[in-house]
Amino acid sequence: MIVFTWNLLLALAWVALWGVFTATNLLVGFVVGYVALRLVFKNRPGFEDYFYRLPRIITFIGFFIVDLVKSNVRVAYDVITPRHHMRPGVVGIPLDVATDREITVLANLISVTPGTLSLDVSSDRKVLYIHAMYIDDEDALLQDIKELERRVHEILR
Amino acid sequence: MVSEFLTGLFMLVGALLMLVASIGILRMPDLLIRMHATTKAGALGGGLMVLSVAFFFDDGAVTARAVATVIFIILTAPVAAHIIGRAAYFVGLPLWEHTVKDDLEGRYDPETHTLSSGEVKDKQTPG
Amino acid sequence: MFDLVLQLVFVILSVSLALVFFRLIKGPTLPDRVVALELIASLTVGFIAAYAVLTEKSDFIDVAVVLALTAFMAAVGFARYLEKRGRRDGE
């Protein structure tokens, strides 16, 4: 987190030196700052973790956006065409992640992905109840959620 | 020119998503499925439209505010869906007749408002 | 061209608003209406965004923030109320 602040400060300095305060310039400054930090602080314990994690987070966001568009099309198709192809239902997903932070992120991601909507977490934080629009194959659905959960766990740990 | 094109594109896509959400909320058979429409298409559409404002003005302060708004919209939509869905279960929620299964059935305690995890079949059998 | 797109956006949003309004009247339960209200708020945020571009006044974006915030608060309030009130038949 401290390294992230450093990176952000470098980006702000970049923007200030250019004198052009736009989002694009800030992004460029951030990338330049990341590369500079990475080159200068090689093999420092606190920094290593950040260098390793940031690309992972960005890949995750990319993966997530692709998923989002793909499944949005499916739901939109079902909304517009006259016949319903849905097989909806509420499914309880046993959770492996334990902390509140991980559960929150996971639940929000599930909600944002079309086709699934997280409803509630059991009071003992063991089961996440989700509503799914297409339960053609419950195992496949479970597998998808577990995959998402693994990625969330990898980033937050 | 480029910023105008981006503004128009984002605004149009956002508005169309909102239209899909509206058709969805009108046509979908039960509350939980309708909430799918509002939390995704609705929130994403609103977010895109606010983002298009940022492209149009292309100014630091406006961009910052627009991005903050988008993040707020995207973050609150799932939370709102969660609390409304939860409330709906306490009020009594008629589900669509083609609903395949309802794991939540009877899991809420009407007195203490806690939610039990039940005997969750760890490895759910297919079919 | 740009103006035409903007006009089209307003038309699309108006049609959407009419559709959601129909659901708001139809119900059938109170949570259904709350969800419809929430979508109406989202639509209004879209309207404000489009209007900000139309009038070229960026200040309107603040209105959008406040509206989004109020809509969320309203949804939370409704949900709390519904949960406290509990089950009631023949609504």
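Is Phe72(B) buried, exposed or partly exposed, and what is its relative accessibility? At 24% relative accessibility, Phe72(B) counts as partly exposed, where buried means under 20% relative accessible area, exposed means over 50% and partly exposed lies in between (1.4 Å probe, protein chains only).

This is a predicted model, in which local features need pLDDT of at least 70 and side-chain atom pairs count only at pLDDT 80 or more, while totals for chains, interfaces and linings use all residues. Residues are numbered from 1 along each chain as its sequence is written, chains are lettered from A and ligands numbered from 1 in the order in which they are written, and side-chain values use heavy atoms, with hydrogens and water left out.

**View 1. The interface of chain C and chain B.** Chain C brings 48 residues to the contact and chain B brings 44 residues, contact being heavy atoms within 4.5 Å. About 4,100 Å² is buried between the two chains, and carbon and sulfur atoms give 79% of this area; buried area is the accessible area (1.4 Å probe) that two parts lose on being put together, summed over both.

**View 2. A salt bridge between Arg34(B) and Asp32(C).** The rule finds two salt bridges across the interface of chain C and chain B, each being a side-chain nitrogen of Lys or Arg within 4 Å of a carboxyl oxygen of Asp or Glu. One of them joins the side chains of Arg34(B) and Asp32(C), at 2.2 Å from N to O. On the side of chain C that touches chain B, helix 1 (2-26), helix 2 (30-55) and helix 3 (60-85) of chain C each supply at least two residues, and the largest share, 15 residues, comes from helix 2. Helices here are DSSP runs (H or I, at least four residues), numbered from the N terminus.

**View 3. The loop residue Ser58(C).** Ser58(C) is found in the loop between helix 2 and helix 3 of chain C, and it is buried, with a relative accessible area of 18%. Leaving aside neighbours within four places in sequence, Ser58(C) is in contact with Phe57(B), Val62(B) and Arg65(B).

**View 4. The aromatic pair of Phe72(B) and Phe72(C).** Rings of Phe, Tyr and Trp (its six-membered ring) pair if their centres lie within 6.5 Å, with planes under 30 degrees apart counted as stacked, over 60 as edge-to-face and the rest as tilted. The rings of Phe72(B) and Phe72(C) have centres 6.3 Å apart and planes at 90°, so this pair is edge-to-face. Phe72(C) is buried, with a relative accessible area of 19%.
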